[in-house]
Amino acid sequence: MRHHRFAAVGCAVLVAAVTLAGCAPDGSAGSTAGSARSAAPSAPASTEEGPVAPDTRLPEDTLLVTDFGADTVTFVDAAGRGRAADRGSVRVGAAPYGIALGADGTAWVSTGEGVAVVDTRTRRRVALIPYRTRTGPVTTGEYRGGGMGIALSPDGAHVYVGVNVPGGDGTLEVIDTRTRAVMRSVPVGRRPFDVDVSPDGRQVYATGHDSYDVTVVDTGTWTGHRIEVAPYGTEGGLGSWLKPHYAVVRPSDGALLLPFEGERLAVADPRTGRVRVERMTANTHQHGVTVSGDGTLFVVGTGPIDPSRDDGPSLTVRSPSGHERIIPLDGPHEDVVVSADGCTAYVSGGFTRDGYWNGLSAVDLGTGRITRLAVGHRPLGMVVL
């Protein structure tokens, strides 16, 4: 996610705010953020389509989180550490996974039933767009059919969602945000965990978890070609742990960055299809990833494949030069987004496999201090509102 993606992580962050004076040792970030944190909006109750009495006032660092273990998305007051973080939920559809946020405040959520459209100002689901792809019965869990990775085009005109077809290849469905209907579908790899878009909007990238690949889709011709991304090879097939999960587009050159096992970073050139590998140091199974505007990479380590040899869950903060800072986490996590001021990373505790917990970890990037927020139901994808 998410994302993401966020896939679906539309947070522009300057790393200078993390490493320089912008993040004070006590975790504060100046008077503006402090005044925003003094706001205390009411906590509305959840209903079928949204809260009973929606309150459109949102404090600094409000997150919208997909509840993979339920049928809701939850508003989280992540800055209000000293009080209840849950600010109400909205029902969106079975097992929501990825989430993308438009400039107009509309959130697009991939669920097992369709893409839910949520007005974050009124906190209501305003539409549910069914998939064109047949995915079988609506189920839950890691292997459920339906939407996974999701992203918006730079101009906001299209939503791209990777649709998982259990036992077969997936599709990339293209949704017109004006008509809120699927306008076409393109074949992609198996279990499209993540979807990303090039800065110019001319290409969409679907990461196929079970096919060891990224499908590069040309938005002019709606044709795709496959790039194999398998720095450990493909031995083990569907039973292997050494497969791609999430990707980000590097701002400096448009390369795709895909972390593997806290050991290898695959750098894929979508133009040539070439993949080179750089060294990583966390030595743990890795999932969620996001990148700041200057190229600083944030990668979630979910925990060891082999506890006798591998390290535990962590957050890797990797500079553009390749220097890594490893921050240990308590228990498996899945995805990561960064606050608007660049001082805090929020890591979701949902995890696609067993071992998840119902909450987020807020990581102070200046001090490394971690605050755990109990919220949501297996929270997975996140966006900062």
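Me: Which residue is the bridge partner of Thr 62 in S2?
Reply: Asp 77 is the bridge partner of Thr 62 in S2. Before we go on, this is a predicted model, where local features need pLDDT of at least 70 and side-chain atom pairs count only at pLDDT 80 or more, while totals for chains, interfaces and linings use all residues. Residues are numbered from 1 along each chain as its sequence is written, and side-chain values use heavy atoms, with hydrogens and water left out.

Me: OK, and in what sense do strand S1 and S2 pair?
Reply: Antiparallel, over six bridges, with S1 covering residues 62-67. Strands here are DSSP runs (E, at least two residues), numbered from the N terminus, and two strands pair if DSSP finds at least two bridges between them. S1 and S2 form a hairpin, with four residues between them.

Me: What about S2 and strand S3?
Reply: Those pair in the antiparallel sense too, over four bridges, and S3 is residues 86-91. There, Thr 72 has Arg 91 as its bridge partner in S3.

Me: How many residues of strand S2 are buried?
Reply: Six of the six, residues 72-77, so S2 is largely enclosed by the rest of the structure. Buried means under 20% relative accessible area, exposed means over 50%, and partly exposed is in between (1.4 Å probe, protein chains only).

Me: Which way do the residues of S2 point?
Reply: Thr 72, Thr 74 and Val 76 point one way, Val 73, Phe 75 and Asp 77 point the other way, and all are buried. In a regular strand, side chains alternate between the two faces of the sheet.

Me: New topic. How many salt bridges are there?
Reply: The count comes to 16, where a salt bridge is a side-chain nitrogen of Lys or Arg within 4 Å of a carboxyl oxygen of Asp or Glu. One of them is between Arg 353 and Glu 142, with the closest N and O atoms 3.4 Å apart. That pair links distant parts of the chain, 211 residues apart: Arg 353 is in the loop between strands S25 (344-348) and S26 (359-364), and Glu 142 is in the loop between strands S7 (124-130) and S8 (146-152).

Me: Is Glu 142 buried or exposed?
Reply: Buried, because its relative accessible area is 15%. Arg 353 is partly exposed, at 31%.

Me: Which residues does Arg 279 touch?
Reply: Glu 263, Arg 318 and Glu 324, not counting residues up to four places away in sequence. Touching means a contact, with heavy atoms within 4.5 Å. Arg 279 sits in strand S19 (residues 275-279) and counts as exposed because its relative accessibility is 66%.

Me: And how do Glu 324 and Arg 318 meet?
Reply: Through their side chains, in a salt bridge of 2.5 Å, N to O. Both Glu 324 and Arg 318 are buried.

Me: Last one: what is the volume of the second largest pocket?
Reply: About 180 Å³. Of the 16 residues that line that pocket, the closest to its centre are Glu 142, His 209, Ser 240, Lys 243 and Arg 353. On a 1 Å grid over the protein atoms alone, a pocket is an open set of points where a 1.4 Å probe fits, with protein on both sides within 12 Å along at least five of seven lines, and lining residues have an atom within 4 Å of a point. Grid points are joined across faces, edges and corners, and the volume is the space filled by probe spheres set on the points.
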